Amino acid sequence: MRRAAVIGTLCALVAAWLLLVNVRGAVDEEGAFRAAVSCDSGDDCLRTAEARIDRTERVEGRKTASYFLYVTEADGTKSSPRLWGSPSEPPATTKGTRVEVTYWRGEIRYVDFDSTRRYTTADPRGDYRPFASFGLAIGLLGAGILWVWYWWARHSRSSPRAAPWQISVPLVGALILTLPGAGAPWVTDSFGSALRLLGLCSLATVAFCSVAALIARRRQRGDDTIAMTRTVPTKERIFAARIVGEIPYATQGFLVAGPTSLWSTPDHTGAAFRRHIPDTLTPIRVRPPYWRDPDHLNYSAKAAVLECDDKGTPVLVVTDRKNMPWLLGTLEWTSTHTGQSQP
């Protein structure tokens, strides 16, 4: 859980920097640009100059088309603002065409053609969007990770499950919100509008998670034994599994469940280095993984745990739920034909 605390804290710090520094700076600059008025000189106002197009130069190697517009102003000043799009698209960018370029804080922010205004890549409007998108997404993700760390540190003893609803539901909600968090700045016209849209999505997500929490709480209440239909395999079935316990045949690799016997092997084909699992292994019940299970963090998301007993020694067999019927069927056959008591 220390790793979750570190990752969650880093995400929160990065999000705070992006939202409080980068986004705030970009929003302030956009506001100043929108509020600027025309003037003949000065950096904080809009200064317009007449110019003539000398040539254009396409920018290669970019996913978004852009080009440099080389112009010469009436006083002889040469500049080369970069515009989005292609020079072959309207408006006309032929040599000698007269345009007006508008400066703000020392950079050309847009170019006026006969009846069209094209903004340059120095246009400050919307510069907050990449920072806001990444900041909101990583901030929500960090909040979910920090909740996981907090719950494990404070309340893990309240549930033996490795994935209790108190963790899974809020974490899923945080992951769901990362999508509108990342997308809201791009579909709105201001950072405030993006936050309001994210707030609406948050209300819908909270409602959904509340219903999911009630359902999950009811399902996880009481006995957590998983009902499984036992299936005696008609041929050998090979699947990944691990056997945990203070027994000599503890292993992490693969199991081969046959019609009459169970073997362990490190070979994924099941052909080499087979080791017979003794018939004294008796199944008790199938349950979800618990946080106190050895190495439970490396169990798969669909893992189930078979509690067993071997002459008074507790043994756990961990495998995917879809493999559990074959495992139970093999163990049932061996228990029946060796006189072991049934679970």
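**Close-up 1. Helices α2 and α3 run roughly antiparallel to each other in this predicted model.** Here you can follow α2 along residues 128-155 and α3 along residues 165-187. Look next at the residues where α2 meets α3: by class, the contact has 21 nonpolar, five polar and one charged residues.

**Close-up 2. C39 and C45 are joined by a disulfide.** How many disulfides does a search of the whole structure find? The search finds one. In the bond between C39 and C45, the S to S distance is 1.6 Å. The torsion about this S-S bond is about 55°, so the disulfide is right-handed. Are its two cysteines buried or exposed? C39 has 22% relative accessibility and therefore counts as partly exposed, whereas C45, at 11%, counts as buried. The cut-off for buried is under 20% relative accessible area.

**Close-up 3. The sulfur of C209 is too far from the closest cysteine sulfur for a bond.** Which residue holds that closest cysteine sulfur? It belongs to C201, and the separation is 13 Å.

**Close-up 4. C308 is a buried cysteine.** Its relative accessibility is 4%, which means that C308 falls in the buried class.

Conventions:
Residues numbered from 1 in each chain as written. Predicted model: local features only at pLDDT ≥ 70, side-chain atom pairs only at ≥ 80, totals over all residues. Heavy atoms only, no water. Axes fitted to C-alpha atoms, helices over the stretch in contact; angles between N-to-C directions. Helix = DSSP H or I, 4+ residues; strand = E, 2+ residues; numbered from the N terminus. Parallel < 35°, antiparallel > 145°, perpendicular 65-115°, else oblique. Nonpolar A, V, L, I, M, F, W, Y, C, P; charged D, E, K, R; others polar. Disulfide = S-S within 2.5 Å. Buried < 20%, exposed > 50% of the residue type's maximum accessible area, 1.4 Å probe, protein only.
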